[in-house]
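I opened my notebook to look around a structure that was new to me. Here is what I looked up, entry by entry.

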Amino acid sequence: MDLKDIMQEKVFAVVGDTLNEEKYAYKIKNELTEHGYKVYSVGKELPSINDVPDTIDVIDLCIHPSKGLKLIKECNKDYKYILIQPGAESQEILEYLDKTHTPYLEGCALVGVRLYCKEK
């Protein structure tokens, strides 16, 4: 799995401050939405990944690593991949994802949209 594979998916849960224009979560949410992806915002808009009312293809972590790990551990929903934005990674998250055999990639959704947008 690589960034191109992830960008072929349709439904993203962006985890972070999607209401603050200065934050990357906000920018990622808007960029994905503008390019035809279905996006749910977790953190400031929905309190939990479990509150997403749809199936999730990709959970995009744009949040402090300790908060991201907590939300992932609490998640009861099925999903295909986790995309970890620069700055949202930690040794604890990576160890947890490896231990639970969860497919993940460290990368940037903004780069992915510009290179591999599903509409291209």
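**Entry: Cys-108.** I began with Cys-108, which sits in the loop between β5 and α5. Helices (H or I, at least four residues) and strands (E, at least two) are DSSP runs, numbered from the N terminus. Before going on, I noted that this is a predicted model, in which local features need pLDDT of at least 70 and side-chain atom pairs count only at pLDDT 80 or more, while totals for chains, interfaces and linings use all residues. Residues are numbered from 1 along each chain as its sequence is written, and side-chain values use heavy atoms, with hydrogens and water left out.

Is Cys-108 buried or exposed, or partly exposed? I found Cys-108 partly exposed, because its relative accessibility is 21% (buried means under 20% relative accessible area, exposed over 50%, partly exposed in between, with a 1.4 Å probe and protein chains only). Leaving aside neighbours within four places in sequence, Cys-108 is in contact with Leu-3, Leu-83, Gln-85 and Pro-86; contact means heavy atoms within 4.5 Å. I also looked up Met-1: Cys-108 and Met-1 are 107 residues apart in sequence and 14 Å apart in space, C-alpha to C-alpha.

Entry: How many disulfides does the structure hold? I found zero. A disulfide here is a pair of cysteine sulfur atoms within 2.5 Å. My reminder to myself: a disulfide is a covalent bond between the sulfur atoms of two cysteines. Cys-108 is in no disulfide either, with the nearest cysteine sulfur, that of Cys-62, 8.3 Å away. I noted too that Cys-75 counts as buried, at 14% relative accessibility.

**Entry: the largest pocket.** Next I looked for empty space. Rolling a probe the size of a water molecule over the atoms shows where empty space is left. The largest pocket holds about 280 Å³ of space. The search runs on a 1 Å grid over the protein atoms alone: a 1.4 Å probe fits at the points, and a pocket is an open set with protein on both sides within 12 Å along at least five of seven lines. Grid points are joined across faces, edges and corners, and the volume is the space filled by probe spheres set on the points.

Which residues lie nearest the centre of the largest pocket? They are Lys-23, Ala-25, Cys-62, Ile-63 and His-64, out of 15 lining residues, where lining means having an atom within 4 Å of a point. I sorted the lining into seven nonpolar, four polar and four charged residues. Ala, Val, Leu, Ile, Met, Phe, Trp, Tyr, Cys and Pro count as nonpolar, Asp, Glu, Lys and Arg as charged, and the others, Gly among them, as polar.

**Entry: helix α2.** Helix α2 covers residues 24–34, and its buried residues are Ala-25, Ile-28, Lys-29, Glu-31 and Leu-32. These buried residues of α2 pack against β1 (11–16), β2, β3 and α5 (109–116). I picked out Glu-31, which is buried at 16% relative accessibility. Beyond its neighbours within four places in sequence, Glu-31 is in contact with Leu-110, Val-113 and Arg-114. Just after α2, Gly-36 takes a positive phi of about 90°.

Glu-21 lies in the loop between β1 and α2 and is exposed, at 54% relative accessibility. Not counting residues up to four places away in sequence, Glu-21 touches Tyr-26 and Lys-27.

**Entry: Asp-57.** Where is Asp-57? I found Asp-57 in the loop between β2 (38–43) and β3 (58–61). Asp-57 is buried, because its relative accessible area is 12%. A polar atom of the Asp-57 side chain lies 3.0 Å from the backbone nitrogen of Lys-10. Other contacts of Asp-57, outside four places in sequence, include Glu-9, Val-11 and Tyr-79.

Entry: Gly-68 is in helix α3 (residues 65–74) and is buried, at 1% relative accessibility. Gly-68 touches Leu-61 and Ile-63, not counting residues up to four places away in sequence.

My last stop was His-101, in the loop between α4 (91–99) and β5 (104–106). His-101 is exposed, with a relative accessible area of 71%. His-101 has a positive phi of about 55° although it is not a glycine. Most residues other than glycine have a negative phi.

Definitions and conventions. Polar contact = N/O pair within 3.5 Å; in protein donor to acceptor, adjacent residues only side chain to side chain.
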